[in-house]
Amino acid sequence: MSDMNFARHKFYTDLTAGGHVLVAGATGSGKSVVLNGLIVQAIANGAQLILLDPKGGTEFGIYRDTLDCIGYAADLDEFRPALEKAVSIMDERYRELAAKRKRTSEDNPVYVVIDEFGDMMSDRKKDLQPLLLKLARKGRAANVRLILATQSPYKSIITGDIHANMQSIVALRTLDKAASRLIISEIGAETLNVGEALVRLKGEFTPHREKVPMYSDELLEKIALLRTPPSKRWK
Ligand SMILES: Nc1ncnc2c1ncn2[C@@H]1O[C@H](COP(=O)(O)OP(=O)(O)O)[C@@H](O)[C@H]1O
Ligand SMILES: [Mg+2]
C-alpha cells in the first residue's frame, strides 16, 4: 500500500523480509513496541493478520476491525479456531503449490502474531502446540509467518524445535545471561537498555545491537483507523 509509507521503517522491513520472527525479553523490555511495529509494517505491505492475545485481547484491540485482520483471539479459549484458520490457509496454499509444481507461495503474507505464546505452551500444550509447530515448520513456504513474543525464557517455552524454525530473532533486555543465551544463543541481552535489541536477521550468524524504533500510540491508532471501515471506527 503505497499510501502507507509513513508506516515503514528499516528495522521492521528487515525483520519482515525473513520468515518467522521471535521477540523475547523481560517484562517492560519493549515486546509490545516491536509487535506493533511489525503489525503496521505488515499492514503497509498488504499482509493479512491473525492476532492472538492470551490476556484479554486489549493488546491488539485497535487492529481488530481493520480490513487486514482476518482472525482474532482474545483469550486462550479462542486460540484454537484462530490457529486452525492459519493452518487451513497454509494447507490450501500447499495444495496450490503442488498443483502448480512450485515450491514457495507468491500469495500475500499472512502474519500470525501471538503475544505471550508461553501461555499456550504451558497451559494448552496438547491442544495447541501441534498447530503451532505445524505453522513453524511449514508456514514459511506458504507465506504464513509467525511472530511470537514471550517474556518466559525457558526451554519448555522456546523449545529447540521452535527456536530452530525462527529465521529472525529480536532479543530485548533479559534478566540474566542464561535468558539471553536461550533466546539468541549468546550472552549480551542482559546488558541492553529499554529501546535496544540484539537482532539476528535471516541468514546472519551473529546478532547485532540496534535501537528499536517506537511508533507513537497516536500514529498506531491513525494507521488502524485508516484501515477500519467507517461504520466500525471508534473515533
Ligand atoms: N523502542 C523503544 N523506544 C522507546 N521507549 C520504549 C521502547 N520500547 C519500550 N519502551 C518503553 O517501555 C515501555 C514498555 O514497553 P512494552 O513494549 O510495553 O514492554 P513489554 O511488552 O515487553 O512488557 C513502553 O511503554 C515505552 O515507554
Ligand atoms: Mg507487552
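# Chat about the core, sheet and helices

Q: Which residues have the most contacts inside the largest nonpolar core?
A: Val23, Val112, Val113, Val170 and Ala171, in a core of 68 residues. A nonpolar core here is a set of buried Ala, Val, Leu, Ile, Met, Phe, Trp, Tyr and Cys residues joined through C-beta atoms within 7 Å. Buried means 20 or more other C-beta atoms within 10 Å of the residue's own, exposed means 12 or fewer, and partly exposed is in between, with C-beta atoms placed from the backbone.

Q: Which helix gives the most to this core?
A: Helix 2 (residues 31–44), with eight residues. Helices (H or I, at least four residues) and strands (E, at least two) are DSSP runs numbered from the N terminus.

Q: And what is this model, before I go on?
A: It's a predicted model, where local features need pLDDT of at least 70 and side-chain atom pairs count only at pLDDT 80 or more, while totals for chains, interfaces and linings use all residues. Residues are numbered from 1 along each chain as its sequence is written, and chains are lettered from A and ligands numbered from 1 in the order in which they are written.

Q: OK, what does valine 113 touch?
A: Leaving out residues up to four places away in sequence, valine 113 touches Leu35, Ile39, Leu49, Leu51, Leu52 and Ile147. Contact means C-beta atoms, placed from the backbone, within 7 Å.

Q: Switching to the sheet: what's the strand order?
A: The order is 3-2-4-5-1-6-7-8, an open sheet of eight strands with mixed pairing. Strands pair if DSSP finds at least two bridges between them. Strand 3 and strand 8 are the edge strands, each pairing on one side only. The twist averages 15 degrees from one strand to the next; axes are lines fitted to C-alpha atoms, for helices over the stretch in contact, and angles run from 0 to 180 degrees between N-to-C directions.

Q: How does strand 1 pair with strand 5, parallel or antiparallel?
A: Parallel, over four bridges, with alanine 24 opposite threonine 150 in strand 5. Strand 1 is also joined to strand 6 (residues 168–171) by four bridges, and these two run parallel. There, alanine 24 has alanine 171 as its bridge partner, and leucine 22 has isoleucine 169.

Q: Which way do the side chains of strand 1 point?
A: Val21 and Val23 point one way, Leu22 and Ala24 the other, and all are buried.

Q: What about strand 7, at 196–200?
A: Four of its five residues are buried, so strand 7 is largely enclosed by the rest of the structure. Three bridges join strand 7 to strand 6, running antiparallel, and four bridges pair strand 7 with strand 8 (residues 208–211), also in the antiparallel sense.

Q: New topic: which residues of helix 3 are buried?
A: Phe79, Leu83, Ala86, Ile89, Met90 and Arg93. Seen down the axis, they fall within an arc of 120 degrees, so they line one face of helix 3; the arc is that of the directions from the helix axis to the C-beta atoms.

Q: And which exposed residues sit on the face turned away?
A: Pro81, Ser88, Glu92, Arg95, Ala98 and Ala99.

Q: What covers the buried residues of helix 3?
A: The cover includes strand 2 (48–52), strand 3 (69–73), strand 4 (110–114), helix 4 (118–123), helix 5 (125–138) and strand 5.

Q: Anything just after helix 3, and what's its phi?
A: Arginine 101 takes a positive phi of about 55 degrees.

Technical notes: Two residues are in contact if their C-beta atoms, placed from the backbone, lie within 7 Å.
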